[in-house]
Amino acid sequence: MGTKELIEEGKTALGIEFGSTRIKAVLVDDKGAPIAQGGFGWENQYVDGIWTYSLDMIWNGLQDAYADLLKDVQEKYGVVIKTVGAIGFSAMMHGYMAFNKEGELLVPFRTWRNTITEEAAAQLTSELGFNIPQRWSIAHLHQAILNKEEHVKDITFFTTLAGYIHWQLSGQKVLGVGDASGMFPIDSRTRDYNKDYISKYDSIISGYGFPWKLEDILPKVLVAGENAGTLTKEGAKKLDVSGNLQAGIPMCPPEGDAGTGMVATNSVAVRTGNVSAGTSIFAMVVMEKALSKVHEEIDVVTTPVGDDVAMVHCNNCTSDINAWAKIFREYSAAMGIEVDTDKLYTTLFKAALEGAPDCGGLAGFNYFSGEPVTGFDEGRPVFVRNVNADFSFANFMRLHLYSAVSTLKVGLDILLKDEGVNVDKLYGHGGFFKTKEVGQRIMSAATGGPITVMETAGEGGAWGMAVLALYLMSLQGKDLADYTLSDFLNKEVFAGEEGTTITADAAEIEGFDKFMETFNATVPIERAAVECMK
């Protein structure tokens, strides 16, 4: 059957992901190969001390991204999408969207990027004996309670961005276990919220007299492959303003960008891991056993099927690189030279490989926002050099690529060296790895081990979400236990694909370690920048 016929007969799967800077829609065929895509660029807003996206931005962005997909399908195949086999939505994990009984948003969406819950996160980590990072949904809820915010008593439901979109399009208040694990701790044995921690939390807030218990306002947890409802008539109209999309399409559990990253890199099995590097950067390793103790630098989340994953999450990655790219573009324009964006980034990244392994005495911090791993509530991008540093273009670019992954290394060293967590394969995906070899080699220097990039990694989380939707389709007549997500990925999606693996040499690894000595020594400079530049 040709691609056109697959689209006409609805034997495709659709994944849509809300990333930090782009909403992306990907349509795949019955084997998981991308056949069309659409997108919409957006940026978060800093309003009244909160990083947020408005509801209008969310819905306009979704509709524009889907319309862009329809345009791509029309241009390539000359057909209109009326139905698909399954749909899945994913988004940035964590954050806080709280609603009352009328379904109204009580306060503006508080994204993962906010570092305003330090008191709540510290208290919950201590009380539960489980690391609760600032960006987790429960930390945002608890901070609102500590702040005595009026809206808390009116909450009947709170969720993530992916959970909100899914609810509005299906009527179902559910969440994939991976995304749910960024709201509240999951018990990997039950694939559900940890009941002991739920009870502890209800005791912690019992004196406030709220009319709800925590479990009453959390979304229901589902694992990959479970049916999460169907697209309603109202939902179809919200998604497709042209009115051609039909209701009744099966929907898979909504997931977070961590889960879709695992799927997109085939790293859902034990002893596999991946590094997602874009606006933020995070590394995840599927663990064989629990960590020996609580580390505030390491989150424990889950795969889309509920297995424990150690995650090191950093708020900042490529934003400072993008800012410097803008400077170089403006300089080129001033010189009367028009520079293609892809060529600009490729040139900047390739130059980094020509730099000294330790960056030649250059140092810096890429902190646009706070960075809890290193103890910062706010960030200030900083570049600093010694008077005798080798200040070259190559070293300058290498410094900024190192800076993008340096904070991640702080957490990974705890995970891999101190805890002795084993990982057989570490996959890379995201914009940082787009330029061939460069991002891989830099990341390998940071981790001290090989980094693999799959050909499909560039498709990103939206493709991973489409694959999860395809998994739901593939389970017709099969049992979840008999056809696991890992089975499906290995047999159907990644069969025969090995990817490209790069390992940094000893000098590069030694150079990165030397750079980290400078990084650790110059942390007070970043601290001073935050304190002095208001």
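In strand β18, Leu-362 and Gly-364 point one way while Ala-363 and Phe-365 point the other, and all are buried (under 20% relative accessible area; exposed means over 50%, and partly exposed in between, with a 1.4 Å probe and protein chains only). The model is predicted: local features need pLDDT of at least 70, side-chain atom pairs count only at pLDDT 80 or more, and totals for chains, interfaces and linings use all residues. Residues are numbered from 1 along each chain as its sequence is written, and side-chain values use heavy atoms, with hydrogens and water left out. Helices (H or I, at least four residues) and strands (E, at least two) are DSSP runs numbered from the N terminus.

**Strands**

- Strand β18 is joined by four bridges to strand β19 (residues 382–385), and the two run antiparallel; strands pair if DSSP finds at least two bridges between them.
- Strand β16 pairs with β17 in the antiparallel sense over four bridges, and the bridge partner of Val-300 in β17 is Ala-310.
- These two strands, β16 and β17, form a hairpin with five residues between them. Gly-306, in the turn, has a positive phi of about 100°.

**Salt bridges**

- The count comes to 20 salt bridges, where a salt bridge is a side-chain nitrogen of Lys or Arg within 4 Å of a carboxyl oxygen of Asp or Glu.
- Arg-191 forms a salt bridge with Asp-307, and their closest N and O atoms are 2.8 Å apart. Arg-191 lies in the loop between β10 (186–187) and β11 (192–193) and Asp-307 in the loop between β16 (299–302) and β17 (308–314), so the pair ties together parts that are 116 residues apart in sequence.
- Both ends of that pair are partly exposed: Arg-191 at 29% relative accessibility and Asp-307 with a relative accessible area of 24%.
- Lys-434 forms a salt bridge with Asp-342, with the closest N and O atoms 3.7 Å apart. Lys-434 lies in the loop between β20 (425–429) and α14 (438–447), while Asp-342 is in helix α12 (residues 341–352), so this pair ties together parts 92 residues apart in sequence.
- Lys-434 counts as exposed at 65% relative accessibility, whereas Asp-342 counts as partly exposed at 47%.
- Lys-514 forms a salt bridge with Asp-358, the closest N and O atoms lying 3.3 Å apart. This pair links distant parts of the chain, 156 residues apart: Lys-514 is in helix α17 (residues 506–521) and Asp-358 in the loop between α12 and β18 (362–365).
- At 48% relative accessibility, Lys-514 counts as partly exposed.
- A network of salt bridges links Lys-409, Asp-413, Lys-417 and Asp-513.

**Helix α14**

- Helix α14 is mostly covered, with ten of its ten residues buried.
- The buried residues of α14 include Val-438, Arg-441, Met-443 and Thr-447.

**Surface patch**

- Tyr-331, Met-335 and Ile-337 make a nonpolar surface patch of about 340 Å².
- Patches are made of residues with over 30% relative accessible area and no salt bridge, with like charges joined within 9 Å and nonpolar side chains (Val, Leu, Ile, Met, Phe, Trp, Tyr) within 5 Å; accessible areas come from the Shrake-Rupley method with a 1.4 Å probe, and for residues only the protein chains shown count as cover.
- Tyr-331 is placed in helix α11 (residues 319–334) and is exposed, with a relative accessible area of 52%.
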